[in-house]
Amino acid sequence: MEVVLKTLTTNNMFIVKNRKIFYTISIVLILASMTALSVWGLSYGIDFKGGSSVEFQYSAGRPTLDIVKAQIDGLNFEPTLKGGYTLVAAGDKGYVLNLRTVTEEERASLVSAISADTANTVEIKKFNSVGPTLGKEAFIKSLISIILVVLCIVIFLTFAFRKVSHPIASWKYGVISIIALSHDIIIPAGVFAALNHFYHGYEVDTLFVTAILVILGFSIHDTIVVFDRVRENLRNNHGIKNPKSFEEIVGDSISQTFVRSINTSLTTLLAILVVFLVGPAATKNFTLTLLVGIFFGTYSSIFIGSNLLVTVEEWQRKALAKAKK
């Protein structure tokens with residue numbers, strides 16, 4: 001690891017010269033994520049689709065998952081609940097059950113079923129219900145919030161880099177940032193689709209959306225740090241005797257900000273990892289989303305967003321040379 005970091009920081013052009021490799025890595029990850037999303041899809045929590053959530057805890061220790069599932073499957077609810085719910089462990093002695101909206105009578109039957117063992121009493125820690133209308137409203141508002149954040153980022157970058165018109169127009173900095181941010185949204189979503197397919201319990205809810213918004217903010221911060229350094233180096237490069245190429249300027253900018261970005265992300269990831277390992281079950285999916293998103297957000301800021309500046313400038317230069325012929 002130390003050798004890799006030393007190579008990336010001492011060789012200013014390593015990341016820029018090998019940008020096709022990093023593009024390939026991202027394309028593979030995005031295609032894999034989109035495949036997972038299209039084949040398996042996301043499992044939406046009750047926040048979005050409506051339903052009931054029950055958290056219960058056993059006094060003497062929780063029975064196995066199969067035993068509790070058999071008790072729930074034995075209920076004569078209409079329509080049947082079999083296969084239409086998720087049951088995940090919570091804490092040392094409990095479970096969280098997410099299912100369709102249940103009536104008070106069905107709730108009583110459910111409590112009775114999971115309390116079959118009188119020697120191991122059950123305590124209902126939490127019971128929440130969300131109607132389908134409220135769930136749909138929460139889903140729409142979540143999408144709107146993500147779209148608004150993305151639009152605000154584009155507007156901000158266009159304004160912040162308004163005096164940078166050569167060789168890349170200011171609005172292109174915003175577009176490139178959105179491409180990098182899309183990378184940071186698609187991959188965590190694909191990871192959740194795959195995890196839920198193989199292990200279940202990885203549902204997308206309002207906490208997932210909150211994590212995505214945090215990831216967007218964190219990722220754009222890293223991207224702006226590099227872009228701002230590019231802007232400063234462009235200013236310093238103007239009017240000197242032997243000006244550097246745009247590719248060299250971006251390479252220098254990445255090298256100058258690389259250690260700072262890695263250290264910031266690493267300390268954040270370590271703190272989140274501790275919460276993921278020892279925190280309550282209710283925060284597991286939230287912290288997992290942050291871990292995946294911040295990791296790939298840092299990657300996209302350094303290896304994708306900055307390199308796209310070089311690629312766009314190269315395309316422009318070739319198009320201009322072709323037009324002059």
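Ile140, Leu143, Ile144, Ile147, Leu148 and Leu151 form a nonpolar surface patch with about 540 Å² of accessible area together, where a patch takes residues with over 30% relative accessible area and no salt bridge, joining nonpolar side chains (Val, Leu, Ile, Met, Phe, Trp, Tyr) within 5 Å and like charges within 9 Å. Accessible areas come from the Shrake-Rupley method with a 1.4 Å probe, and for residues only the protein chains shown count as cover. This is a predicted model, in which local features need pLDDT of at least 70 and side-chain atom pairs count only at pLDDT 80 or more, while totals for chains, interfaces and linings use all residues. Residues are numbered from 1 along each chain as its sequence is written, and side-chain values use heavy atoms, with hydrogens and water left out.

**Confidence**

- The chain averages a pLDDT of 84, and 92% of the residues score at least 70, pLDDT being the predictor's confidence in each residue, from 0 to 100.
- Among the elements of the chain, helix H1 (residues 2-10) has the lowest mean pLDDT, 54, whereas helix H3 (residues 19-39) has the highest, 95; helices (H or I, at least four residues) and strands (E, at least two) are DSSP runs, numbered from the N terminus.
- Where pLDDT is low, the predicted coordinates should not be read in detail.

**Helices and local geometry**

- Leucine 151, one of the patch residues, lies in helix H7 (residues 132-160) and is partly exposed, with a relative accessible area of 47%; buried means under 20%, exposed over 50%, and partly exposed in between (1.4 Å probe, protein chains only).
- The end C-alpha atoms of helix H8 (residues 170-199) are 45 Å apart, which agrees with the 44 Å that its 30 residues should span at 1.5 Å a residue, the expected span being 1.5 Å times one less than the number of residues.
- Just after H8, histidine 200 takes a positive phi of about 70°.

**Salt bridges**

- A search of the whole structure finds eleven salt bridges, each defined as a side-chain nitrogen of Lys or Arg within 4 Å of a carboxyl oxygen of Asp or Glu.
- Glutamate 314 and arginine 19 meet through their side chains in a salt bridge (3.1 Å, N to O); because glutamate 314 lies in helix H11 (residues 284-324) and arginine 19 in helix H3, the pair ties together parts that are 295 residues apart in sequence.
- Aspartate 252, buried at 11%, forms a salt bridge with lysine 244, their closest N and O atoms being 2.6 Å apart, and lysine 244 counts as partly exposed at 44%.
- Glutamate 313 and arginine 317 also meet in a salt bridge (3.2 Å, N to O), and they are separated by about one helical turn because they stand four residues apart in helix H11.
- Salt bridges that share partners join Lys17, Arg19, Glu247, Glu314 and Lys318 into one network.

**Nonpolar core**

- Tyr173, Val230 and Leu309 touch the most other members of the largest nonpolar core, which has 53 residues; such a core is a set of buried Ala, Val, Leu, Ile, Met, Phe, Trp, Tyr and Cys residues joined through side-chain atoms within 4.5 Å.
- H11 gives the most to this core, with 14 residues.
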